Amino acid sequence: MSTLNVDKVDPSTGTALELGTSGDTITVPTGAGLTVVDEVKTNKISPATGVAFALGDSGDTFTVPSGATIVNSGTATGFGGGKLLQVVVGTTTTDTAMTSTTFADTTLTADITPTSTDNDVLVIVNQYYHVQRTSASTIGGALKLVRDTTEIYYPAGVGTGGRNFQLNATGTTFLNLQMIYSFSYLDSPSTTSSTTYKTQQAVAEDDNQTSRCQYNDAISTIILMEIDGS
């Protein structure tokens, strides 16, 4: 092996310069630097050793120009999380009546398949709710959020009888309550399988009343948003 010392290499003709031949390996040794002040075109960049590859130094800025696209076929990590990855919306207008203290489905449901076990699902519910009771001074409702078959959110404890919400009146009279009951819940399902979220309703324990979701075919909505947890 011999050494060629030269300050500059230029093409012998035209403006194209070829370095090496197909199959050759061009090595820049440790401690030596290769500086390109214009454009570098290549189909692939890989680490020289191991599997770690660093692009630039701390404080550098990399710009993706307008019209260019970055395609990620692997797993993106280290970006701080909190990014919205997908949104699923479920609606129902099915009038569902309830007279039992045992919880049952309201027909408001939606399915989502998380892309990572580290991600969270933000659930937002807007449920049309109607309840009436004759000869009473208090009425209320009981709604809860279920993931598959697991209760994950049930803010009971308002008044008595396991109510989420309650209406009080003076004296004994016919009471009729119509409302949109809204709540949100951040869940960590820890799965990449299809997951079902739904609401269930029941009559409060001490009430002789009828509760109904989607009364007169009013619309209820559940929104599922997958949040990057990496």
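In this predicted model, isoleucine 222 touches Val88, Val89, Gly90, Leu108, Thr109, Ala110, Val123, Ile124, Val125, Leu145, Tyr197 and Lys198, leaving aside residues up to four places away in sequence. Ile222 is also one of the residues that touch the most other members of the largest nonpolar core.

**Nonpolar core**
- The largest nonpolar core has 22 residues, and Val123, Tyr197, Ile222 and Leu224 touch the most other members.
- At least two residues of this core come from each of β3 (104-112), β4 (120-147), β6 (165-187) and β9 (220-227).
- The strand that gives the most to this core is β4, with eight residues.
- In soluble globular proteins, nonpolar side chains tend to be buried together.

**Overall fold**
- The chain contains nine strands and zero helices, in the order β-β-β-β-β-β-β-β-β along the sequence.
- Of contacts between residues at least 6 apart in sequence, 79% join residues at least 24 apart.

**Burial and surface**
- The chain has 230 residues, of which 30% are buried.
- Its accessible surface is about 15,200 Å², and carbon and sulfur atoms account for 49% of that area.

**Surface patch**
- Leu4, Val6, Val9 and Leu17 form a nonpolar patch on the surface, and together they have about 420 Å² of accessible area.
- Valine 6 lies in the segment before β1 (84-92).
- Valine 6 counts as partly exposed because its relative accessibility is 48%, and the partly exposed class lies between the buried limit of 20% and the exposed limit of 50%.

Note on methods:
Residues are numbered from 1 along each chain as its sequence is written. This is a predicted model: local features need pLDDT of at least 70, side-chain atom pairs count only at pLDDT 80 or more; totals for chains, interfaces and linings use all residues. Side-chain values use heavy atoms; hydrogens and water are left out. Patches are made of residues with over 30% relative accessible area and no salt bridge: like charges are joined within 9 Å, nonpolar side chains (Val, Leu, Ile, Met, Phe, Trp, Tyr) within 5 Å. Accessible areas come from the Shrake-Rupley method with a 1.4 Å probe; for residues, only the protein chains shown count as cover. A salt bridge is a side-chain nitrogen of Lys or Arg within 4 Å of a carboxyl oxygen of Asp or Glu. Helices (H or I, at least four residues) and strands (E, at least two) are DSSP runs, numbered from the N terminus. Buried means under 20% relative accessible area, exposed over 50%, partly exposed in between (1.4 Å probe, protein chains only). Contact means heavy atoms within 4.5 Å. A nonpolar core is a set of buried Ala, Val, Leu, Ile, Met, Phe, Trp, Tyr and Cys residues joined through side-chain atoms within 4.5 Å.
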